[in-house]
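Me: I have a new model to look at. I want to know what each label rests on.

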Amino acid sequence: MMNVDVIVIGGGPSGLMAAIAAGEKGAKVLLIDKGEKLGRKLAISGGGRCNVTNRLPVEEIIKHIPGNGKFLYSAFSIFNNEDIIRFFENLGIALKEEDHGRMFPVSNKAQSVVNALLDQLEKLKVKVFKNSPVEDLIYENDKVSGVLLKDGQTISANSIVVAVGGKSVPHTGSTGDGYAWAKKAGHTITDLFPTEVPVTSNEPFIQNKTLQGLSLRDIELSVLNPKGKPLITHRMDMLFTHFGISGPAVLRCSQFVVKALRKWNLKEVILSLDALPDSKEEELFQEIVKLVKSEPKKSIKNTLKGFLPERYLLFLLDYNGISAAEQGGTIPNEKLRSFAKSCKQFPIKANGTLSLEKAFVTGGGVSVKEIEPQTMASKLMKGLYFSGEILDIHGYTGGYNITSAFVTGRLAGTNAALFAKTAEKSV
Ligand SMILES: Cc1cc2nc3c(=O)[nH]c(=O)nc-3n(C[C@H](O)[C@H](O)[C@H](O)COP(=O)(O)OP(=O)(O)OC[C@H]3O[C@@H](n4cnc5c(N)ncnc54)[C@H](O)[C@@H]3O)c2cc1C
């Protein structure tokens, strides 16, 4: 039977980093992936250019990981986003900062990042098994002893890093296989749910495709609780689709939609769209009245030209019972007031999201309460480590999930190697 110090299961960002970290500690490492290619999800991140990490201060990074980001405080004190940047620069991958602190390879080529990681594996003599799905983990006397591959082969190891990702976008290999192995070791799997996912709606203007394809820039979108108070607000772009809404602001709000639907057992959650976040509602109304008064015979559509993207302007006028061709001076003030209100607080009822498989990220996973925050070791099974999206940690897209994957992978790999060495000595 083949025998190694450390087995890392999963060749995504967390598994690749874990295998490198364990290799750097001098351990005999085997990285196993079910697919033909490693780092598939990493390669499609950030619109296919690989959003390696994010350069915001650690406090901000944690804020952008609403799913248990605080668990990462101790991990970040050991290895953080700046260490990721240095790590890649040492591998010869120059990075550049873009909007919102997002870091990309200067080459804009995702594959250059994946290749640098693969070269490092080779340098460190990490053995790689591709096309080798792991079927099960083997535990003996409250300690890991090895893995069983789908082809029937067993491989023994002193420690194992489970870095098989979540359940989203399964064609990249992440099909949720690790949850059963974690459960078998006694771990709690918190409820899984889609996050960073487009939101669905039955609103007539969605079903009729009135706004399909319209994108709104720099808007503010809020998810409201049943009392109408914002649970969260994000200022970014958004897009109307044939099934609902999407785009960066929507993706960020999506987990709050899912959580609100579940928490209050609702059929629909209201999102409020502020298309003019820099204006106050009353000031906006006064401005519109002033414009209308200065040219009362002009059509309202022309008076308000440039206020909003034309399609959205026409939609909001119609929504408020105002004909676009109507002369501004003939429109009652209460209609103009309700139009101003729609610009600031347009309600969109959401009835759910696309599926977990279609989400960018899986919410929920192996409970972080059962994981040592400085080592990523299981508190329940000796020699078992978890890293990356399989953990109950989820952030916004923008490099936050990948940062979490690299950081937890680094810690898991380092400590799995240290554990393997001490286990060896004690035999
Ligand atoms: C389209 C898209 C864009 C994204 N963009 C961003 C972004 O811009 N910023 C950001 O922060 N995050 C982004 N994400 C999320 C981010 O890519 C993931 O959070 C991250 O890849 C998770 O890393 P991981 O190593 O934990 O798991 P994964 O990357 O999912 O890797 C898991 C690996 O485990 C292997 N595996 C699974 N089961 C088995 C098994 N039984 N045996 C052997 N191997 C197995 C899989 O083949 C896979 O290679 C994006 C996700 C998608 C889908």
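Reply: Begin with the word pocket. On a 1 Å grid over the protein atoms alone, a pocket is an open set of points with protein on both sides within 12 Å along at least five of seven lines; a cavity is a set where a 1.4 Å probe fits but cannot get out, and lining residues have an atom within 4 Å of a point. This is a predicted model, where local features need pLDDT of at least 70, side-chain atom pairs count only at pLDDT 80 or more, and totals for chains, interfaces and linings use all residues. Residues are numbered from 1 along each chain as its sequence is written, and side-chain values use heavy atoms, with hydrogens and water left out.

Me: Which residues line the second largest pocket?

Reply: The lining is Glu36, Lys37, Leu38, Gln111, Val114, Leu118, Asp119, Leu121, Glu122, Val126, Val128 and Lys130. The pocket holds about 190 Å³ of space. That volume is the space filled by probe spheres set on the points, and the points are joined across faces, edges and corners.

Me: What gives the most to the lining of this second largest pocket?

Reply: Helix H6, residues 110-123, gives the most, with 6 residues. A helix here is a DSSP run of H or I with at least four residues, a strand is a run of E with at least two, and both are numbered from the N terminus.

Me: How do the lining residues of the second largest pocket divide?

Reply: They divide into 6 nonpolar, 1 polar and 5 charged. Ala, Val, Leu, Ile, Met, Phe, Trp, Tyr, Cys and Pro count as nonpolar; Asp, Glu, Lys and Arg count as charged; the others, Gly among them, count as polar.

Me: Why does lysine 125 count as exposed?

Reply: Lysine 125 has 73% relative accessibility, so it counts as exposed. Buried means under 20% relative accessible area, exposed over 50%, and partly exposed in between, with a 1.4 Å probe and protein chains only. Lysine 125 sits in the loop between H6 and strand S6 (127-129). Its phi is near 60°, a positive value in a residue other than glycine. Most residues other than glycine have a negative phi.

Me: Why does valine 169 count as buried?

Reply: Its relative accessibility is 19%, and the limit is under 20%, so valine 169 counts as buried. It lies in the loop between strand S9 (154-162) and helix H7 (178-184). Valine 169 also has a positive phi, about 50°, although it is not a glycine.

Me: What is the strand order in the open sheet of 7 strands?

Reply: The order is S16-S15-S12-S13-S14-S11-S17, with antiparallel pairing. The edge strands are S16 (346-350) and S17 (352-353), each pairing on one side only. Two strands pair if DSSP finds at least two bridges between them.

Me: How do you know that S12 and S13 pair?

Reply: Strand S12 (residues 215-224) and strand S13 (residues 230-240) are joined by 8 bridges; at least two are needed, so they pair. S15 and S16 run antiparallel and are joined by 5 bridges. There isoleucine 270 stands opposite lysine 349 in S16.

Me: Which strands does helix H12 lie across?

Reply: Helix H12 (residues 310-319) lies across S12, S13, strand S15 (269-274) and S16, running at about 90° to S16. Helix H13 (residues 333-344) packs on the sheet too, touching S15 and S16, and its direction makes about 105° with that of S15. Axes are lines fitted to C-alpha atoms, for helices over the stretch in contact, and angles run from 0 to 180 degrees between N-to-C directions.

Me: Which residues form the covered face of S16, and which the uncovered one?

Reply: Phe346, Ile348 and Ala350 are on the covered face, while Pro347 and Lys349 are on the uncovered one. In a regular strand the side chains alternate between the two faces of the sheet.

Me: What makes phenylalanine 315 buried?

Reply: Its relative accessible area is 9%, under 20%, so phenylalanine 315 is buried. Phenylalanine 315 is in helix H12. Leaving aside neighbours within four places in sequence, its contacts are Phe205, Thr210, Leu211 and Phe346. The buried residues of H12 are Tyr312, Leu313, Phe315, Leu316 and Leu317.

Terms used: Contact = heavy atoms within 4.5 Å.
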